[in-house]
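Let's take a walk through this protein chain together, beginning with the whole and ending at a single residue. Have the structure open as you read.

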Amino acid sequence: TIARASSISSVTSSVSVNGTNEVTVSITRAASSFTHTVVFSFGSYSKTTTGVGTSTSYAIPTSWLNAIPNATSGTAKVTVTTYSGNTKVGSAVSKNFTLTVPSTVVPTISAVTLSEGVAGLAAQFGGYVQTKSKLSVKITAAGALSSTIKTYKTVVQGVTFTGASITSGVLMHSGTSTVTITVTDSRGRTASTTRSITVIPY
């Protein structure tokens with residue numbers, strides 16, 4: 001009998017990483033007594049399982065997505081080493097598979113602060129005044145699983161401003177106005193929220 005290393009007959013091609021979806025590897029072995037050490041790896045993360053027969057599965061933890069803060073997918077690897085008893089047989093074999101970031105992994109906007117951008121007006125009129133007031137907006141946001149916030153966009157009365165802290169131009173329209181805030185992270189994922197302000201006619 002010639003001892004031959006086992007081969008990987010199949011591996012799940014793509015897994016959306018939500019902590020429960022599994023990647024499964026199937027192994028073809030030359031002898032029924034052979035066992036295997038299976039290593040799933042991605043970036044600095046890995047999971048080792050010993051004593052595997054012909055297949056094993058692993059639910060990739062969401063923490064592994066920390067390895068791709070700037071992408072929505074990445075290439076992972078499964079490596080199979082064959083053993084006859086305690087003796088290694090041949091060379092290890094490996095195959096790649098894809099990990100994807102679920103659409104539910106998005107940045108978060110934790111706080112939006114709106115205030116009068118022109119000194120003295122809030123105390124004098126108790127509200128925003130048409131053609132006089134400016135809107136000051138401060139945004140607090142964070143990425144998800146190591147992503148970072150790349151852009152901030154605020155739309156005030158149809159005009160777009162960028163940055164985590166902005167002061168709009170003069171508010172031209174009276175009545176209720178909707179302020180829309182959108183952030184985009186390093187994966188290209190977005191989160192949005194809205195606030196309303198009331199502008200007093202001048």
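Buried residues account for 36% of the 202 residues in the chain, where buried means under 20% relative accessible area, exposed over 50% and partly exposed in between, with a 1.4 Å probe and protein chains only. Before going on, please note that this is a predicted model, in which local features need pLDDT of at least 70, side-chain atom pairs count only at pLDDT 80 or more, and totals for chains, interfaces and linings use all residues. Residues are numbered from 1 along each chain as its sequence is written, and side-chain values use heavy atoms, leaving out hydrogens and water.

Now look at the overall outline. Along its principal axes, the C-alpha trace of the chain spans about 95 × 20 × 20 Å. What is the chain built from? It has one helix and 16 strands; these are DSSP runs, numbered from the N terminus, with helices being H or I of at least four residues and strands E of at least two.

Next, zoom in on one residue. Ser-177 lies in strand β15, which covers residues 175–185. Is Ser-177 buried or exposed? Its relative accessibility is 9%, so Ser-177 counts as buried. Leaving aside neighbours within four places in sequence, Ser-177 is in contact (heavy atoms within 4.5 Å) with Gln-157, Arg-195, Ser-196 and Ile-197. With Gln-157 there is also a polar contact, side chain to side chain, at 3.0 Å. A polar contact is a pair of N or O atoms within 3.5 Å; within protein, one must be able to donate a hydrogen and the other to accept it, and residues adjacent in sequence count only if both atoms are side-chain atoms.
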